[in-house]
Protein chains: 2
Amino acid sequence: MAAKRSGAQGKRSPRTDASLRSVQEPPLSLERIVATAVELLDAEGVDGLKMRRLADRLGSGAMSLYWHVDNKEEVFDLALDSVLEYRAPPQTVESQDWRGEVVHMLEDWRASMLRHPWSASLLPRRALGPNILSRLERLSKALSRAGVADADLNVAIWSLWNYVIGATITRASFDLSDDDRAAAQQRLTRLSERYPTIERTRLLLDNDWDGAFRKGLDFLLDGLTPR
Amino acid sequence: MAAKRSGAQGKRSPRTDASLRSVQEPPLSLERIVATAVELLDAEGVDGLKMRRLADRLGSGAMSLYWHVDNKEEVFDLALDSVLEYRAPPQTVESQDWRGEVVHMLEDWRASMLRHPWSASLLPRRALGPNILSRLERLSKALSRAGVADADLNVAIWSLWNYVIGATITRASFDLSDDDRAAAQQRLTRLSERYPTIERTRLLLDNDWDGAFRKGLDFLLDGLTPR
DNA sequence: CGATTGACTCGTACGGCGTACGATTCAATC
DNA sequence: GATTGAATCGTACGCCGTACGAGTCAATCG
């Protein structure tokens, strides 16, 4: 019957001989699957991840994946969470600089997601993996130490969360290539009398995304944290 | 050959007799297709929209849709933009209350998207339809009249845009049903020593989404607009 | 009036997807 | 040596988006 991988992994050592395997493929494992899924997502985007292709890259049959994973959704969830692991800076013990800490955490979060542009669009699935939760926990703690009252903490967390994922999604989808920019340019000049302000400020064409992110974040933090 | 619907719609009057059609189905049209797609999306979510089902609802064959539309992607783009139409309030001519105007626009935007929870997750496709563009144009104008310098306008617009779509996506995906809440509750208490702050503040369980949105928005506007 | 045209509809078919199912393999155990 | 169970994988099924080409009918033209 095989209860499938059920939380507790099997005890037998996994097959190690590669008898028929093409060259010297290591055996499947959840870790390899997730790591390869991230590679594939980086290379081909969300639509490029197919179970068969993932299996090809792993040198295995497509159906072998389903021993380690319930379905494709779970691959997405695991890939997303794996990309959001937070490596804290070299331990600024008892740092008094709460604000700097929070800013660093949020900028690192955004950077992690921009390194894997597909990740932002996967966030709005409510699967909160351990890495996401631990980021939220850290953020809560830092804000709490910064003096934000418990009653205001959720508002603060969600405001920041919303801002970060919004900024990341926007950046990932509206950071146009030169070709795209030329096309947008053309389309806009054709409609210039309808959208004069957009055209004047070149809203869709030139943007200092990083600077804008930092500025809006500062304003939010000014409001959310006491004095 | 049929160059397909190419911008200029045909001039002949469309077939009107419903000869073989089951009852009294009106003929296909882009408007009907988009309206029905919105219905279907509201009822079944993003994954529930299939060309065959859409055609069923319209009382037509699946392939008939492709006369009016290039592909499924275009259906999504049109449905999204149609949902974002902005009906301005009863003309507050020369209103001096720029801030109130901006807040109203952004809250209306969020409300429009929450009425169609699938819409938020479709925004990060760079297809900017006329309704989205016109919202951006209005917003730009209002902020400009509020005294925001051109040089700061893009930062302001994007900050607000990011905040609004982030908040909407979050709200749409984390507003748990009672069952979900119970499950999350259970999972969290099991991990309570790992995420004590999250548990203490009930971050994932109880939220005043509307209040939080409004508060964060106020802070952003405080920073973004002069004095 | 009959022939032609072109807007519009749709049945069939194809390739690709996620994955259910059952057979197979092999190391560890008895 | 027989049994067990973890892990792999080939085949097949149902569903998807849509290419293709044939069909239908109203308006047009001679």
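Domain bounds here come from an automatic or database domain assignment. The model itself is predicted.

**Stop 1: the two domains of chain A.** Select residues 30-83 of chain A for domain 1, then 98-224 for domain 2. Their C-alpha centres are 27 Å apart. Now look at where they touch: 10 residues of domain 1 of chain A contact 13 residues of domain 2 of chain A. On the domain 1 side, α1 (30-44) and α4 (72-83) of chain A each give two or more residues. Colour α4(A) separately, as this helix supplies the largest share, 5 residues. By type, that side of domain 1 of chain A holds 6 nonpolar, 1 polar and 3 charged residues.

Stop 2: Select A:R202. This residue sits in the loop between α10 (196-201) and α11 (209-224) of chain A. Check its backbone: phi is positive, about 50°, yet A:R202 is not a glycine.

Move to B:R202, in the loop between α10 (196-201) and α11 (209-224) of chain B. Its phi is also positive at about 50°, and B:R202 is not a glycine either. B:R202 counts as partly exposed, with 15 C-beta neighbours inside 10 Å.

**Stop 3: the whole assembly.** Show both chains. Finish on the interface. Of the interface residues of chain B, 98% are also interface residues in chain A, so the copies meet through the same surface.

Notes
Residues numbered from 1 in each chain as written. Chains lettered and ligands numbered in written order. Predicted model: local features only at pLDDT ≥ 70, side-chain atom pairs only at ≥ 80, totals over all residues. Contact = placed C-beta atoms within 7 Å. Helix = DSSP H or I, 4+ residues; strand = E, 2+ residues; numbered from the N terminus. Buried ≥ 20, exposed ≤ 12 C-beta atoms within 10 Å, placed from the backbone. Nonpolar A, V, L, I, M, F, W, Y, C, P; charged D, E, K, R; others polar.
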